[in-house]
Amino acid sequence: MSKGSKSIAAELIKGAVAGAASVWVMDRITWYMYKNEDPKAYLKEKKAQVHGKYVADVAVDKVLKATGTDLDQRQRWMAGRGVHYFLGIAPGMLYAALRHKVKGLDAGGGSLYGLGLFMVMDEIVAPVTGLSSGPTAYPWQAHARGLVGHLAVGMVTDGILRGLDKGLPR
């Protein structure tokens with residue numbers, strides 16, 4: 001394996017670790033926000049969700065339907081959490097691999113990255129793929145929570161990567 005391959009492999013591993021940790025942090029922040037928001041906003045959001053489910057759970061349902069597979073309730077829940085974490089790990093790996101190559105990608109300590117994730121994933125990809133309703137179906141609190149959560153993902157991912165850079169070879 002060449003030195004460049006080792007470097008990319010190390011960046012991908014660091015990105016996976018940072019991405020997973022960032023999802024964990026995002027969940028704590030967004031759960032706090034959920035618990036403290038107007039119950040009417042929560043009900044409006046639940047009504048807007050596809051089948052009253054979160055994006056990761058809708059994705060699991062679509063894959064199961066496409067493959068003709070079924071899972072029990074616990075397996076579905078675990079698969080949904082796996083998809084949820086994957087949606088932080090995969091972009092974290094990409095961010096880690098590109099942050100030293102794309103000037104400005106790490107702007108704002110990862111906040112630009114987090115903003116990009118929010119805009120692309122929550123506001124465009126999820127509705128276009130049928131994993132969520134269109135943005136106007138959701139109350140402003142859902143968008144604010146999503147933005148705050150994704151900013152946290154970006155900043156935590158970037159912070160962990162910077163810390164790992166100091167302790168691990170690139």
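Biologist: Is His51 buried or exposed?
Modeller: This is a predicted model. The relative accessible area of His51 is 70%. Exposed means over 50%, so His51 counts as exposed.

Biologist: Near what value is phi of His51?
Modeller: His51 is a residue other than glycine. Even so, its phi is positive. The value is near 55 degrees.

Biologist: Is Ser22 buried or exposed?
Modeller: Ser22 belongs to helix H1, which covers residues 3-35. Its relative accessibility is 0%. Buried means under 20%, so Ser22 is buried.

Biologist: Which residues does Ser22 contact, leaving aside neighbours within four places in sequence?
Modeller: Ser22 lies in H1. Helix H6 spans residues 140-167. With those sequence neighbours left aside, the contacts of Ser22 are Val153, Val156 and Thr157.

Biologist: How far apart in space are Ala16 and Met93, C-alpha to C-alpha?
Modeller: Ala16 is another residue of helix H1. Along the sequence, Ala16 and Met93 are 77 residues apart. Ala16 touches Met93, and also Ile89. In space, the C-alpha separation of Ala16 and Met93 is 5.2 Å.

Biologist: How are H3 and H4 oriented to each other?
Modeller: Helix H4 covers residues 73-98, and H3 packs against H4 at about 115 degrees. The axes are 8 Å apart. The crossing is right-handed. Angles of 65 to 115 degrees count as roughly perpendicular, and H3 and H4 are therefore roughly perpendicular.

Biologist: How many charged residues does the contact of H3 with H4 have?
Modeller: H3 contributes residues including Asp57 and Asp61, while H4 contributes Arg76 and Arg81 among others. Six residues of the contact are nonpolar and two are polar. The charged count is four.

Biologist: How are H4 and H5 oriented to each other?
Modeller: Helix H5 covers residues 111-128, and its axis is 12 Å from that of H4. The packing angle is about 130 degrees. H4 and H5 cross in a right-handed sense. By angle, H4 and H5 are therefore oblique.

Biologist: How many charged residues does the contact of H4 with H5 have?
Modeller: Leu87, Pro91, Gly92 and Tyr95 of H4 meet Tyr113, Leu117 and Met121 of H5. Six of these residues are nonpolar and one is polar. As for charged residues, there are none: no charged residues.

Biologist: How are H5 and H6 oriented to each other?
Modeller: The axes of H5 and H6 come within 7 Å. They cross at roughly 135 degrees, and the crossing is right-handed. Roughly antiparallel would need over 145 degrees, so H5 and H6 are oblique.

Biologist: How many polar residues does the contact of H5 with H6 have?
Modeller: H5 supplies residues including Ser111, Gly114 and Phe118, and H6 supplies His143, Gly146 and Val153 among others. Eight residues of the contact are nonpolar and two are charged. The polar count is seven.

Methods:
Residues are numbered from 1 along each chain as its sequence is written. This is a predicted model: local features need pLDDT of at least 70, side-chain atom pairs count only at pLDDT 80 or more; totals for chains, interfaces and linings use all residues. Side-chain values use heavy atoms; hydrogens and water are left out. Helices (H or I, at least four residues) and strands (E, at least two) are DSSP runs, numbered from the N terminus. Buried means under 20% relative accessible area, exposed over 50%, partly exposed in between (1.4 Å probe, protein chains only). Contact means heavy atoms within 4.5 Å. Axes are lines fitted to C-alpha atoms, for helices over the stretch in contact, and angles run from 0 to 180 degrees between N-to-C directions. Angles under 35 degrees count as roughly parallel, over 145 as roughly antiparallel, 65 to 115 as roughly perpendicular and the rest as oblique. A crossing is left-handed if the near helix is turned anticlockwise from the far one by less than a right angle, and right-handed if clockwise. Ala, Val, Leu, Ile, Met, Phe, Trp, Tyr, Cys and Pro count as nonpolar, Asp, Glu, Lys and Arg as charged, and the others, Gly among them, as polar.
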